Amino acid sequence: MKRLFLIAALLVAGAAGAQAAAPSKQEVLQAIEVMEKNVGGPAATEAAKTIVIYAQVSDDVMVDIGPDQLPWIEEKWPLAKEEARSRQSLLMAAFVAGNIKSQIKNDKAEDDTYSGWIFAIETYRRLQSRGPFVSPAIEALSKLQQQGKLLQHAREVHANQDRNDSSDSAPRPLARLRPSNRSRA
């Protein structure tokens, strides 16, 4: 669980040095487009940083991140350490990108795990073409998608998150990518 937070922190920390100001809505949409076109390209890493920074600082979006939303993050893949970390970071950024693109499109700051998963699954398939690896968690999400059950699963995760948020003793997501100085209704 700590590893997920570390990956998010590394992306954000790296991006903080690269960007003087918070990205605009237009800049994040362009970054999402970069990831949609070529997740394996050289610009994808910078695009991922822009996306994660925007999700963290913008009042226009909210993304819940935890083991239920990113079940693949604790998996061990038979890849070199740096390659595994790179792919996990890109998959996390893809999840965030899909999630916030939906929110921007609908002009509604409400977590959209389903859209995040859709983009993460697509990104996973494209990353597999760079070199084979298998994520049992993403394969399971893909199977739910093929069965037409992914949206319902996302709703269940969201409902469980809402229940957990109302209980002080319940585990919370590892990160909620939203500004800490603003509460949401």
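**Salt bridges and helix packing**

Me: How does Glu33 count by relative accessible area?
Reply: Glu33 has a relative accessible area of 37%. Buried means under 20%, exposed over 50% and partly exposed in between, using a 1.4 Å probe and protein chains only. Glu33 is therefore partly exposed.

Me: Good start! What kind of model is this?
Reply: Residues are numbered from 1 along each chain as its sequence is written, and side-chain values use heavy atoms, leaving out hydrogens and water. Local features need pLDDT of at least 70 and side-chain atom pairs count only at pLDDT 80 or more, while totals for chains, interfaces and linings use all residues, in what is a predicted model.

Me: With which residue does Glu33 form a salt bridge?
Reply: A salt bridge here is a side-chain nitrogen of Lys or Arg within 4 Å of a carboxyl oxygen of Asp or Glu. With closest N and O atoms 2.9 Å apart, the partner is Lys37.

Me: How many residues apart are Lys101 and Glu36?
Reply: Their side chains meet in a salt bridge at 2.6 Å, N to O. Lys101 is partly exposed at 35%, and Glu36 is partly exposed at 33%. The pair links distant parts of the chain, Lys101 in helix α4 and Glu36 in helix α2, and the separation is 65 residues.

Me: And how many salt bridges does the count come to?
Reply: Another of them joins Glu110 and Lys108, with closest N and O atoms 3.7 Å apart. Shared partners also join Glu83, Arg87 and Arg130 into one network. The count comes to nine.

Me: On to the helices: how are α3 and α4 oriented to each other?
Reply: Helix α3 (residues 44-57) and helix α4 (residues 81-106) pack at about 55 degrees with axes 9 Å apart; axes are lines fitted to C-alpha atoms, for helices over the stretch in contact, and angles run from 0 to 180 degrees between N-to-C directions. Angles under 35 degrees count as roughly parallel, over 145 as roughly antiparallel, 65 to 115 as roughly perpendicular, and the rest as oblique. That angle makes α3, relative to α4, oblique.

Me: What is the make-up of the contact of α3 with α4, by residue class?
Reply: Contact means heavy atoms within 4.5 Å. The contact includes Ala48, Ile51 and Tyr54 of α3 and Leu90, Val96 and Ile100 of α4. Ala, Val, Leu, Ile, Met, Phe, Trp, Tyr, Cys and Pro count as nonpolar, Asp, Glu, Lys and Arg as charged, and the others, Gly among them, as polar. The contact of α3 with α4 has no polar, no charged and 13 nonpolar residues.

Me: And what classes make up the contact of α5 with α6?
Reply: Helix α5 (residues 113-128) and helix α6 (residues 136-146) pack at about 120 degrees, with axes 10 Å apart. They are therefore oblique to each other. Trp117, Ile121 and Arg125 are among the α5 residues that meet α6, whose side includes Ile138, Glu139 and Gln145. The classes are six nonpolar, three polar and two charged.

Me: Last one: what share of the protein counts as buried?
Reply: The protein has seven helices and two strands, in the order α-α-α-β-α-α-α-α-β from the N terminus. Of its 185 residues, the buried share is 45%.

Technical notes: Helices (H or I, at least four residues) and strands (E, at least two) are DSSP runs, numbered from the N terminus.
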